[in-house]
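Please look over the sequence and the structure shown below before reading on.

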Amino acid sequence: MDETSNFAARLANTLDILKKIANEYAPAVFASSLAAEDMVLTDLILRNKLDIKIFSLETGRLHKETLAMLDRIQETYGVEIQLFKPKVAAVEDYVRQHGVNAFYDSVEMRKECCRIRKVEPLNRALKGNKAWITGQRRAQSATRVELAVQEDDVAHAMQKFNPLTDWSEDDVWHYIRSNNVPYNSLHDKGYPSIGCEPCTRAIQPGEDVRAGRWWWENPESKECGLHVVDGKLVRIKSI
């Protein structure tokens with residue numbers, strides 16, 4: 001089977017997974033970071049009119065280019081992405097006690113910032129749903145090599161799906177370009193993985209695609225907490 005056929009098979013499988021989620025796990029939601037992988041899933045969900053709601057976490061520290069994606073999605077698909085923001089009091093308390101950029105000081109301070117700005121809003125976004133979807137891929141980093149398509153998310157008492165698990169970086173961009181999918185302009189400036197502005201940098205040729213995320217930390221600690229339970233990255237075999 002040539003690479004074109006391989007991609008067609010991966011694409012068909014991903015669409016089948018999304019249809020299964022919409023049909024068997026409603027209500028289900030897709031947590032979009034508005035980056036390339038998530039725009040692939042956004043396009044598949046909206047193009048096929050699947051009953052899956054899409055939301056994004058507006059942390060208060062996103063790049064202007066990322067925020068611009070909200071308007072581009074609405075212009076392209078006629079859909080407004082629901083936003084979940086951190087609690088103002090929690091952010092103010094963190095800044096007052098530790099400083100606005102305390103996340104540079106230690107892994108603990110960085111994870112606390114992520115907890116306030118991402119994890120807590122995610123918990124609110126997932127409440128009342130039976131399943132949630134992410135754009136994670138195995139090839140993204142050392143922390144995701146055992147990523148399963150379907151996981152039992154014990155922390156949220158629901159199923160978690162990663163439909164792009166076996167997609168390569170080339171697969172993602174082939175789909176985007178073939179289908180004229182809007183994407184974050186930072187990807188053209190050396191940002192394969194995009195998070196909050198102060199915690200993301202462009203990468204150098206040959207670096208891991210997530211090397212620009214929390215670049216001052218060891219690779220083994222580079223998760224924000226959205227996919228972690230009790231401080232540990234949780235992976236289980238496919239269901």
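Which residue in β6 is the bridge partner of Trp132? In this predicted model, the partner of Trp132 is Lys160. The two strands concerned, β4 and β6, pair in the parallel sense, and three bridges link them.

This pairing belongs to an open sheet of six strands, whose order is β3-β2-β1-β4-β6-β5 and whose pairing is mixed. In general, the strands of a sheet pair through backbone hydrogen bonds, and they may do so in a parallel or an antiparallel way. At the edges of the sheet lie β3 and β5, each of which pairs on one side only. Neighbouring strands are turned against each other by 30° on average, direction ignored.

| Strand | Residues |
|---|---|
| β1 | residues 28-31 |
| β2 | residues 53-57 |
| β3 | residues 82-84 |
| β4 | residues 131-133 |
| β5 | residues 150-153 |
| β6 | residues 158-161 |

Helix α2, which covers residues 36-47, lies across β1, β2 and β4, and its direction makes an angle of about 145° with β1.

The largest nonpolar core of the model holds 34 residues, and among those with the most contacts inside this core are Val40, Ile45, Ile52 and Ile133. Several elements, namely α1, β1, α2, α3, β4 and α6, each supply at least two residues of the core, while α2 gives the largest share, with seven residues. Ile52 illustrates such contacts: leaving aside its neighbours within four places in sequence, Ile52 touches residues including Leu18, Ile21, Phe30, Ile45 and Ile133.

Terms used
Residues numbered from 1 in each chain as written. Predicted model: local features only at pLDDT ≥ 70, side-chain atom pairs only at ≥ 80, totals over all residues. Heavy atoms only, no water. Pairing = 2+ DSSP bridges. Helix = DSSP H or I, 4+ residues; strand = E, 2+ residues; numbered from the N terminus. Axes fitted to C-alpha atoms, helices over the stretch in contact; angles between N-to-C directions. Contact = heavy atoms within 4.5 Å. Core = buried A, V, L, I, M, F, W, Y, C linked by side-chain atoms within 4.5 Å. Buried < 20%, exposed > 50% of the residue type's maximum accessible area, 1.4 Å probe, protein only.
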